[in-house]
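Could you walk me through how this protein holds together, from its overall fold down to its charged pairs? Here is the model to look at as you read.

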Amino acid sequence: MGDTLRLAVGVMGNAASMLLFSAPILTFYRIIRKKSTEEFSCVPYIIALLNCLLYTWYGLPVVSYRWENFPVVTINGLGILLEFSFIFIYFWFTSARGKIKVAITVIPVILVFCITAAISAFALNDHHHRKIFVGSVALVASVAMYGSPLVVVKKVIMTQSVEYMPFYLSFFSFLASSFWMAYGLLSHDLFLASPNLVGSPLGFLQLILYCKYRKTGIMEEPEKWDIEKNEEKSKQLQLVIDDSANDKS
């Protein structure tokens, strides 16, 4: 009964995670259509890539006991493909400076995964220690993944606009983290449950902010608004000077 329930929760977690990984498709459709990354950040997708790489490795028989975490492998394997696709699209349409930032962020992520995989495969000789090592690194990456939207949350609060915090991304993040928290607890696996104890409340926080600001129009940041206001005044003053000069002539 316990294994059946755990498998059922794992399947529901897979479904919710698939929706979570697919949610940015609409965002990247907008980027492709406008041929610009606008104010969107690539950091959440890069951190999500690291999380998927580590948890795919964690679920494989090299680290886990046989295929006890098969649901973890399947969904994170799909996540790797999607996150790589999103990062590539972002890299293609961002500015030259943005491309440098993406490269600087992606390279350390790949190195962290390669080093983690190499140490666990060749330096550690049993599943128990491999799970502890890979699970600890994945735990940090997972907490960082769930915490990365806080950058967007700050922007939502400052601008009082949810334009750059899509509802479905927040909703599926909350749903997926809740299911995987339950899966980890049923499996008595703290490395699966712990990060979702952080992810679930953060996803709920994003939903609250979305409900609060969803009806608010796009509001420019104060500093930007002041600059634009000053530029408008300068244009009006220039028009007055030009008109005066024309009258004299």
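## Fold and packing

In the protein, 78% of the contacts with a separation of 6 or more are between residues 24 or more positions apart, where contact means heavy atoms within 4.5 Å. This is a predicted model, in which local features need pLDDT of at least 70 and side-chain atom pairs count only at pLDDT 80 or more, while totals for chains, interfaces and linings use all residues. Residues are numbered from 1 along each chain as its sequence is written, and side-chain values use heavy atoms, with hydrogens and water left out.

The secondary structure comes to 10 helices and zero strands. Helices (H or I, at least four residues) and strands (E, at least two) are DSSP runs, numbered from the N terminus. Of the 249 residues in the protein, 39% are buried; buried means under 20% relative accessible area, exposed over 50%, and partly exposed in between (1.4 Å probe, protein chains only). The protein exposes about 14200 Å², and carbon and sulfur atoms supply 69% of that area, as found by the Shrake-Rupley method with a 1.4 Å probe.

## The nonpolar cores

A nonpolar core is a set of buried Ala, Val, Leu, Ile, Met, Phe, Trp, Tyr and Cys residues joined through side-chain atoms within 4.5 Å. The largest one has 41 residues, and Ile46, Tyr58, Ile87, Val102 and Phe113 touch the most other members. Elements that give two or more residues to this core include helix H1 (2-22), helix H2 (25-34) and helix H5 (96-123). H3 gives the most, with 10 residues. Apart from this core lies another, of seven residues, among them Val152, Val162, Leu209 and Tyr213.

Which residues does Tyr58 touch, not counting residues up to four places away in sequence? They are Val63, Ser64, Asn69, Lys131, Val134, Gly135, Asp189, Phe191 and Leu192. Two of these names, Lys131 and Asp189, come back below as salt-bridge partners.

## Charged pairs

The structure holds four salt bridges, each a side-chain nitrogen of Lys or Arg within 4 Å of a carboxyl oxygen of Asp or Glu. Here are three of them:

| Pair | Closest N to O distance |
|---|---|
| Asp189 and Lys131 | 4.0 Å |

Lys131 is buried at 15% relative accessible area, whereas Glu68 is partly exposed at 27%.

Lys131 also meets Asp189. Asp189 sits in the loop between helix H8 (167-186) and helix H9 (190-213), and these partners are 58 residues apart. With a relative accessible area of 8%, Asp189 is buried.

Elsewhere, salt bridges that share partners join Arg30, Lys34 and Glu38 into one network. Within it, Arg30 is buried at 16% relative accessible area, and Glu38 is partly exposed at 28%.

## Cysteines

How many disulfides are there? The count comes to zero, a disulfide being a pair of cysteine sulfur atoms within 2.5 Å. Cys42 is buried, at 5% relative accessible area, while Cys211 is exposed, at 53%.
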